[in-house]
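Subject: Structure for you to look at

Hello,

Here is the structure I promised to pass on. Please open it beside this email and follow along as you read.

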Amino acid sequence: MRDSEKSKGQLIKELENLRLRVAQLERNQTGDRKSGGAIRSAAEDVSTGQKQIERELKRKNEELQLILDSVPAFIYYKDKDGRIMSMNKATASLATVPKEKLLKKTVFQLMPDSADKYHRDDMEVIKSGKAKMNIEESLELPGKKRWLKTDKLPIKDENGNVAGLIGFSVDITERKMAEESLRKSEEKLRVMFESMTDGVVVTDLNTTVVDVNKAALNLFGYRKDEVMGHNGLEMLSLDQQDKAMQELARSFEGTETTGIQEYKLLTRDGRRVDTEISINKLSDIDGNPYGFVTVIRDVTERRKAEEALRQSEER
């Protein structure tokens, strides 16, 4: 496995190990200073070993930073007071100031207007010692707004106490924009759906009603909750249900509408209404059918006018 493909868990473990080794080195150096000249000679002997450790730590730190910089996600480390102690290249690229001016700063110093939410999440992780995952948060940058999906995980010292946290964020701006575009599109279609003067009934492949517009409800005389989940064929007279099943089968097998067919529908109060109906198959992006949409036009008044005209011509 390449270094750039290391998991979050591996990166966190390496960071914790690096912190522990640095802490051990600092304790060794403090102990040497306190021991005085009596063991100065021995301390000098140890010095070479310590320098080797320092070089190894430096190399390990550079290697870890290289790994972090190669990851396209935004990665940063904060101490238990919320100060940014390190970050990768991607995170630094978000700012308009050099990386050095971001280090050892808190979110209140960098983004005072939106700091509260970030700080609350940080403190929740640090105080509980538990990770907080899949946080969706917005980030206001000069000239644009970006959306991030963030995981925050606690980092512990050699005694098992939380020493800070490491954050992993990925840019989900394009996904959020696509979701917003889809929401607007669905809203527009919903307005059109409800504004149609023709009735529209959407069913699954078993003819169970999954959606219906106001015009269809007004035509049948039912409330929406009385129709949803019921068999759409029940709105037809018994003698026309077989005909409808045949049309549904034709629609399922074909690629186009079945054309306009005449039906008599049953209303809630028992009236039989003359209608013209067209049935279309609904398919997903892969072409798999998942339902039907039926458009219903009330032609009762037109039929009455046609009958009146016919009778008039016969006189």
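Helices and strands here are DSSP runs, numbered from the N terminus: a helix is H or I with at least four residues, and a strand is E with at least two.

Some ground rules come next. This is a predicted model, in which local features need pLDDT of at least 70 and side-chain atom pairs count only at pLDDT 80 or more, while totals for chains, interfaces and linings use all residues. Residues are numbered from 1 along each chain as its sequence is written, and side-chain values use heavy atoms, with hydrogens and water left out.

The chain overall

There are 10 helices and 10 strands in the chain. Of its 315 residues, 36% count as buried (under 20% relative accessible area; exposed is over 50% and partly exposed lies in between, with a 1.4 Å probe and protein chains only). A contact means heavy atoms within 4.5 Å. Among contacts between residues at least 6 apart in sequence, 44% join residues at least 24 apart.

The largest nonpolar core

A nonpolar core is a set of buried Ala, Val, Leu, Ile, Met, Phe, Trp, Tyr and Cys residues joined through side-chain atoms within 4.5 Å. In soluble globular proteins, nonpolar side chains tend to be buried together. The largest core here has 20 residues, and those touching the most other members are Val 201, Val 212, Phe 220, Leu 265 and Ile 296. At least two core residues come from each of strand 7 (209-212), helix 7 (214-220), helix 9 (238-253), strand 8 (261-266), strand 9 (272-283) and strand 10 (289-298). Helix 7 gives the most, with 4 residues. Leaving aside neighbours within four places in sequence, the contacts of Leu 265 include Phe 220, Met 235, Val 273 and Ile 296.

Two strands pair if DSSP finds at least two bridges between them. Strand 6 (residues 199-204) and strand 7 run antiparallel and are joined by 3 bridges. Val 201 stands opposite Val 212 in strand 7. This hairpin has 4 residues between its strands, and Thr 207 takes a positive phi near 65°.

Strand 8 and strand 9 also run antiparallel, with 6 bridges. Tyr 263 has Thr 275 in strand 9 as its bridge partner. Here 5 residues lie between the strands, and Gly 270 has a positive phi near 90°.

Tyr 263 has another neighbour: Lys 243 lies over the face of its ring, at 4.4 Å from the ring centre. A charge sits over a ring if NZ of Lys or CZ of Arg is within 6 Å of the ring centre and within 35 degrees of the ring normal. Lys 176 lies over the face of Trp 147 in this way, at 4.6 Å from the ring centre.

Single residues

Lys 104 counts as exposed because its relative accessibility is 59%. Asn 134, in strand 3 (residues 132-141), also has a positive phi, near 55°.

Is Leu 68 buried or exposed? Leu 68, in helix 2 (residues 40-70), counts as buried because its relative accessibility is 12%.

Regards
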